[in-house]
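User: I would like to learn how to read helix contacts and strand pairing in a protein model. Could you take me through one?

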Amino acid sequence: MQNKLDVLIIGAGPIGIACALACKKNNLEYVVLEKGALTNSLFHYPLNMNFFSTSEKLELDGIPFICTNPKPNRDEALEYYRRVVTSNNLNINLYEGVVSTKKSQDGFLVISEKSSYLAAHVIVATGFYDIPKLLNIPGENLPKVSHYYKEAHPYLLQDVAIVGASNSSVDAALEIYRKGGNVTMIVRGPAIGDRVKYWVKPDIENRIEEGSIKAYFSSEILKIEDSTITIRTLEGEQKIDNDFVVALTGYVPNFKFLQQLGVTLSDDKLIPSYNEKTMESNVENLFLAGVVCGGTETHKWFIENSRVHANLIINAIINKDT
């Protein structure tokens, strides 16, 4: 076991990186543990994804994010966060997942896949992209079903069902259609979601209106089979031809992990208990940062408005120790 750390950060997404920058600036001994690649969620975003936020709203600690377009894309964001980490020589251990965390009078004993650590404080900045919301229907485990979308090429000349009407669903539907796929959207609500990017919403609505993309609103998938899907619509059940299902129904934080740490969750939206001024959870010296704070309301926290969590947490830690 290494010497006792001031802070151990779980998760090397943008908010975990922001916490590391704040630790370094305040001369705290820290380490960041990340089970995957740096900014693992961003890495798994669609290849051609553009952010809703402008580049300056994705910046960390005032480090300029320069890009060629008003809305940066995935590759530009990955390059930015790589440069932030390497130029600041941040102490980040990639591909080292946390196995267990136990609190004692001495601090937090954190066991990872590669080592063990003792830390006075722990920050959980694990995001929410690892656990998809399942449809829980027959056939969801078939190889043709995916809860993530990377690129359109595999869907050329295929009958593709897109489940959902969020930004990710709309982006996938438009890209697959334009790359030669036959796209059908299955949407629980009566229309395309209000939170869809304002410059994209008219595009998808026009494609649906002209019939280029078929959409079933107020509908849901009941069953997935090798060459068809069965859906419930306002006109009754229908079976349609299908080669692939891309179910972009959203993702949730790892609630089980939070509960194992002792964090209490609200009954309705599973929002974890924390102090909004310090981001400290109901477990003393255990802090939460980023999207993990939102429970099932994952749309309420994102890079732009949770960057401030890093300084709130580090200031709270410093004040505790003085």
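Analyst: We can begin with a pair of helices. This is a predicted model. Helices H4 and H5 are oblique to each other. Their axes, for H4 over residues 167-178 and for H5 over residues 201-210, come within 10 Å and cross at roughly 55 degrees.

User: In which hand does H4 pass H5?

Analyst: The crossing of H4 over H5 is left-handed.

User: Which residues of H4 and H5 meet?

Analyst: On the H4 side they are Val170, Ala173, Leu174, Tyr177 and Arg178, and on the H5 side Asp203, Ile204, Arg207 and Glu210. Sorted by class, this contact has 5 nonpolar residues, no polar ones and 4 charged ones.

User: How is the angle between H1 and H3 described?

Analyst: The axes of H1 and H3 (residues 74-87) cross at roughly 25 degrees and come within 11 Å. Angles under 35 degrees count as roughly parallel, and that makes H1 roughly parallel to H3. The crossing of these two helices is left-handed.

User: What meets what between H1 and H3?

Analyst: Pro14, Ile17 and Leu21 of H1 meet Tyr81, Val84 and Val85 of H3. By class, the contact of H1 with H3 holds 6 nonpolar residues, with no polar and no charged ones.

User: At what angle do H1 and H8 cross?

Analyst: H1 (residues 14-25) and H8 (residues 309-320) have axes that cross at roughly 40 degrees and come within 8 Å. That makes H1 oblique to H8. In this case the crossing is right-handed.

User: Which residues of H1 and H8 meet?

Analyst: Ala18, Cys19, Ala22 and Cys23 of H1 meet Ala310, Asn311 and Ile314 of H8. The contact divides into 6 nonpolar residues, 1 polar residue and no charged residues.

User: Now the strands. How do strands of a sheet pair?

Analyst: Strands of a sheet pair through backbone hydrogen bonds, in either the parallel or the antiparallel sense. A case to start with is S1 (residues 5-10), which runs parallel to S6 (residues 116-124) and is joined to S6 by 5 bridges. Within this pair, valine 7 stands opposite histidine 121 of S6.

User: How many bridges does S1 have with S2?

Analyst: S1 and S2 (residues 30-33) share 4 bridges and pair in the parallel sense. Here isoleucine 9 stands opposite valine 32 of S2.

User: Is S1 mostly covered or mostly open?

Analyst: S1 is mostly covered, with 5 of its 6 residues buried. To read that, take a residue as buried when its relative accessible area is under 20%.

User: Where do the side chains of a regular strand point?

Analyst: In a regular strand they alternate between the two faces of the sheet.

User: What does an antiparallel pair look like here, for example S4 and S5?

Analyst: S4 (residues 98-104) and S5 (residues 107-112) pair in the antiparallel sense over 6 bridges. A hairpin joins S4 to S5 through 2 residues. Valine 98 has serine 112 of S5 as its bridge partner.

User: What is the order of strands in the open sheet of 3 strands?

Analyst: The order is S12-S13-S14, and the pairing is antiparallel. S12 (220-224) and S14 (236-241) stand at the edges with a single partner strand each, so one side of each is left without a neighbour in the sheet. From one strand to the next, the twist averages 30 degrees.

User: How many bridges join S13 to S14?

Analyst: S13 (residues 228-233) is joined to S14 by 6 bridges, and the two run antiparallel.

User: Which strands form the open sheet of 5 strands?

Analyst: In order they are S8-S15-S9-S10-S11, with parallel pairing. The edges are S8 (145-146) and S11 (214-216); each has a single partner strand, so one side of each lacks a neighbour in the sheet.

User: What joins S8 to S15?

Analyst: S8 and S15 (residues 244-247) run parallel and are joined by 2 bridges. Serine 146 stands opposite valine 246 of S15.

Note on methods
Residues are numbered from 1 along each chain as its sequence is written. This is a predicted model: local features need pLDDT of at least 70, side-chain atom pairs count only at pLDDT 80 or more; totals for chains, interfaces and linings use all residues. Side-chain values use heavy atoms; hydrogens and water are left out. Axes are lines fitted to C-alpha atoms, for helices over the stretch in contact, and angles run from 0 to 180 degrees between N-to-C directions. Angles under 35 degrees count as roughly parallel, over 145 as roughly antiparallel, 65 to 115 as roughly perpendicular and the rest as oblique. A crossing is left-handed if the near helix is turned anticlockwise from the far one by less than a right angle, and right-handed if clockwise. Contact means heavy atoms within 4.5 Å. Ala, Val, Leu, Ile, Met, Phe, Trp, Tyr, Cys and Pro count as nonpolar, Asp, Glu, Lys and Arg as charged, and the others, Gly among them, as polar. Buried means under 20% relative accessible area, exposed over 50%, partly exposed in between (1.4 Å probe, protein chains only). Two strands pair if DSSP finds at least two bridges between them.
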